[in-house]
Structures are given as C-alpha cells and as structure tokens.
Amino acid sequence: MQTERESIITQKEKLFLLTKFVEDHPEAEIQDFYKWLYYGEFGMEESSLIMTGRQSFPELHVVLSEIKKEESENRESELIWEPMGLAARFVKVYVTKYYHMDCPVKRLVNLLERSPAFRGARMSFKLDWNLLKETVLELRPELSRRDFINFEERINFHQLPALPYTEGYAEKNPFAYRVVSQKLFFDYFPEFEDNSVFHPFSGNESIIG
C-alpha cells in the first residue's frame, strides 16, 4: 500500500529549490549537498534507527535539552521549517522555533518515529542527484565534475550511505532540528503550510497534496 501521497513537483520547481539552497549556502560542500538531498528522500534515518525498539522518552529528553540550550544562548531559527532535498517528502523542523510556536515536543518525536514509512526510492534519489550535480556545477564553478566523481567513489555511492554535514556547514547552520515526513507534519500542522516555498510560480497551487 502506498503510504506517501504522490508529489507532483515539477522540474522547474526542483530547480527553484536547488538553486535557492545553493545560493543560500555558499559554505556548502559536495557532502552537504548530498546530505540535504538524502534527507529529502529518506528522512533522518539515524535518529529513527536509534529509537527502534525503544521508548521515545530518551529522544524527547534530547530534544528538550537542545531547546533549553538554545534558549540559554538566546539562539533560535527565524523559520519553523524548511524543505529538504528535491523529493518534497521530508521537511526540516527547527525544534526551538517549533516549541515557541506552542507546538508539543512529544508530537514532533512521534512524527519522527513514524516518518520512516515515508522514505523514498533509491532510483529517485539517483535521478535527483544527477540533476543536483549538473546544477551545482553551473552555480559553483570552483567545483568540478571530477570533484563529484571523487566524492562518489569515496563514499561508495551505490550504497547511498548517510553522511554528516561538514564542519563549515554545521557552524553556519547551528540550529537544532529534526527531519520529518512533510505529509505527517502538514496533516497535524496545516497552519504552517506555505505553498510558495515549494511552488513559487503560483500562490494557489500546492505540491503537498
């Protein structure tokens, strides 16, 4: 049974999302582009694997401690969420902003636990990776095709492993977050849905359902 509502995101919309991400993150390296795309197709699998067979209580404590830390540092994202990758399957939710919008942290942990059911497909990821490569090569002339080939060889690309962000990217993007199914997130929080984020060419259409 298909649990994911089909995305009807177009090539133009993918290019919009990708171009915006590249331009917003000049510090990003190939590994960061890869992780962004990977999370958008497969979600935050390392967290879901940690929680497999366990109560969500420990993860809840982790999120709460992250919120407490960011509050003590007076640090908070301006955004409550943003898109991940090109598949429109998952969104990044900034936990402190989410909490300050009076949203229950337990609900976010629950969405994280349920999100693996919405993972995408290896073939879709590889097709989007090819689009990403060609676009980044145009937008970031200091990167070469050989750089991408070397990266793919280094990580055994055929296995599609999850990777961390680079240190430089992590420093520029320090806010705590979780990556959850966009379907689940907007089902529970339709007030946060912003069609223009995904579908910039028309304010009245949405790819989210």
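Reader: Why is Gln182 called buried?
Author: Gln182 has a relative accessible area of 2%, and buried means under 20% (over 50% is exposed, in between partly exposed; 1.4 Å probe, protein chains only), so Gln182 counts as buried. This is a predicted model, in which local features need pLDDT of at least 70 and side-chain atom pairs 80 or more, while totals for chains, interfaces and linings use all residues. Residues are numbered from 1 along each chain as its sequence is written, and side-chain values use heavy atoms, without hydrogens and water.

Reader: Where does Gln182 lie, and how far is its C-alpha atom from that of Arg89?
Author: Gln182 belongs to helix α10, residues 182-188; a helix is a DSSP run (H or I) of at least four residues, a strand (E) of at least two, numbered from the N terminus.

Reader: How many helices and strands does the protein have, and what share of its residues is buried?
Author: There are 11 helices and three strands, and 48% of the 209 residues count as buried.

Reader: What makes a space a pocket, and what volume has the largest pocket?
Author: On a 1 Å grid over the protein atoms alone, a pocket is an open set of points where a 1.4 Å probe fits, with protein on both sides within 12 Å along at least five of seven lines; lining residues have an atom within 4 Å of a point. Of its 23 lining residues, Lys20, Asp24, His25, Leu79 and Glu82 are the closest to its centre.

Reader: Which element supplies the largest share of that lining?
Author: That is α1, with five residues.
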